[in-house]
Structure formats: C-alpha cells, structure tokens
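Trainee: I am new to this structure. Could you walk me through how to read it, feature by feature?

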Amino acid sequence: YYFTADTINPLISFTAGTSANNSYISSSSINISVDITETNERNITFSLYNNSCNDLVNSTNYTTAVRIINWTNFGSGGLAEGAYCCNVTVYDKAGNNNSTENRIINLDMTAPHIENVTNISTDYSAGNIEPLQDYAITANLTDIRSGIKTAKIQYNKSRTDGAWVGWINATMRNDTGGLGGDYYNASFNATSNGTWYYRVWVNDT
C-alpha cells in the first residue's frame, strides 16, 4: 500500500493566446488559453463573467487536460458587445487549487461614426479655392466604447475609376477631448489647380 502526499498548489497562467487585460477586440467571441504545471491534475474550470466579475455568464469544467476555450455563442449569434471578466482555476487530486488573475476583455464591433464634415477655410467660396491655400476640415467623430484612436484626412487630386490613388494623409487633432462626440480638425494645402478629393478616415482602439 502507498499514498502520495501533495501540498503544492498547481501553477497556472494565461498564455499569449489570451487578450491582454483591459484590451478591446473587434470580435463576438473570446479566446482563452492557459499554461499549467501539475502532475496530478483533477479538473480545470474556465469562468466567464460580466465586467464586474460578479455575474456568471458561463462556467465550463473539464476533467481532461484542456488548455483552450473559445466563448462565442450562448443562444443566437455571438457574444454581445461589452466588457467581460474571465479567469481559469485548476484543481489537483489532493484538493489543492490555483487560479489565474481576473482579466477584463472588451468586445467592440461597432465602427466609429463620422458626421458634420465641414470646410472652415476662410477663402472657400462655392466649392472653389485658390491654389497654394490651406483647406481646413472639421468633423464630429464618435466612438461609444473604446474611443477614437486615429483620425486623419486622406486627400489627392487623382482618382481612377472612383478609386483613390496615392493617398496623402493629414492627422486630425482633437479639439475637445473625451469620448462621445468630439470635433477633430486638420488642413491640407491645395498645391496646384484642379479638382481635389478628400475623405475623413478614423479607427477606434
């Protein structure tokens, strides 16, 4: 007869396959992967909560050495947009256990909104502007979740079959700060006669 004395907690940690804490991802699913050191593993539990880490959304338990889970669908479609909290706990056969830290992952599948694109050049009249003059643009840019990361004007004189060729970029500056609907502006110089085309490009975090 024999028995094994085990008073050592398993080791567990998230791996690179898991999004960073407080990250934003454009997805309707959450992928979690962990690394575990334990010779007498009994079971592993993957837990998904709302952003407060209190209300359980899903708990999945395995008695085999599963190291990856993908939460994607509870009902119809994928996970709803918003913040989720996740952690993973492993148990050994002696009852010892250990857990990862809580990690917050934000799902953001909504593109920023662009409106009120306006020319504010003082010498602009009836769609015409003199060459070698600055052409100033403002726009109201909104992103309700992660916030605006980059905003810029893309402009050029040339278009081929409606496609933009040889983009020139001018970074737009945030005039108001904060989230929820901010005014950004930038300008470019009309360096020669002709028809100039421009658009506002924006992405979120």
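Trainee: Does threonine 72 count as buried, partly exposed or exposed, and why?

Mentor: Start with the cut-offs. Buried means under 20% relative accessible area, exposed means over 50%, and partly exposed lies in between (1.4 Å probe, protein chains only). Threonine 72 has 33% relative accessibility, so it counts as partly exposed.
One caution on the source: this is a predicted model, where local features need pLDDT of at least 70 and side-chain atom pairs count only at pLDDT 80 or more, while totals for chains, interfaces and linings use all residues. Residues are numbered from 1 along each chain as its sequence is written, and side-chain values use heavy atoms, with hydrogens and water left out.

Trainee: Where is threonine 72 found?

Mentor: Learn the element names here. Helices (H or I, at least four residues) and strands (E, at least two) are DSSP runs, numbered from the N terminus. Threonine 72 is in the loop between β6 (68–71) and β7 (82–92). The C-alpha atoms of threonine 72 and serine 29 are separated by 4.2 Å, although these residues are 43 apart along the chain.

Trainee: What is the strand order in the open sheet of 3 strands?

Mentor: Pairing has a rule: two strands pair if DSSP finds at least two bridges between them. The order is β1-β3-β6, with antiparallel pairing. β1 (11–14) and β6 are the edge strands, each pairing on one side only. Neighbouring strands of this sheet are turned by 25° against each other on average, direction ignored. For such angles, axes are lines fitted to C-alpha atoms, for helices over the stretch in contact, and angles run from 0 to 180 degrees between N-to-C directions.

Trainee: How many bridges join β1 to β3?

Mentor: There are 4 bridges between β1 and strand β3 (residues 30–37), and the two run antiparallel. Phenylalanine 14 has valine 34 in β3 as its bridge partner.

Trainee: What else is valine 34 in contact with?

Mentor: Contact means heavy atoms within 4.5 Å. Leaving aside neighbours within four places in sequence, the contacts of valine 34 include Ile12, Ile44, Arg67 and Val88.

Trainee: Which residues have the most contacts inside the largest nonpolar core?

Mentor: A nonpolar core is a set of buried Ala, Val, Leu, Ile, Met, Phe, Trp, Tyr and Cys residues joined through side-chain atoms within 4.5 Å. The largest has 19 residues, and those with the most contacts inside it are Ile30, Ile32, Val34, Phe46, Trp71 and Val88. β1, β3, β4, β6, β7 and β9 (103–107) each give two or more residues to this core. A second, separate core of 17 residues includes Ile148, Ala151, Ile153 and Tyr155.

Trainee: How do β4 and β5 run, and how many bridges join them?

Mentor: They run antiparallel, with 6 bridges between β4 and strand β5 (residues 56–62). Phenylalanine 46 stands opposite threonine 60 in β5. The two strands form a hairpin with 5 residues between them, and cysteine 53 in the turn has a positive phi of about 65°.

Trainee: Which cysteine does cysteine 53 join in a disulfide?

Mentor: A disulfide is a covalent bond between the sulfur atoms of two cysteines. The cut-off is a pair of cysteine sulfur atoms within 2.5 Å. Cysteine 53 is joined to cysteine 85, with S to S at 2.0 Å. The pair links distant parts of the chain, 32 residues apart: cysteine 53 in the loop between β4 and β5, cysteine 85 in strand β7. The torsion about the S-S bond is about 100°, so the disulfide is right-handed. Cysteine 53 counts as partly exposed because its relative accessibility is 22%. Cysteine 85 is at 0%, so it counts as buried.

Trainee: What does the side chain of glutamate 41 make a polar contact with?

Mentor: A polar contact is a pair of N or O atoms within 3.5 Å; within protein, one must be able to donate a hydrogen and the other to accept it, and residues adjacent in sequence count only if both atoms are side-chain atoms. Glutamate 41, in strand β4 (residues 41–50), makes this contact with the side chain of arginine 67 at 2.6 Å. Glutamate 41 counts as buried because its relative accessibility is 17%.
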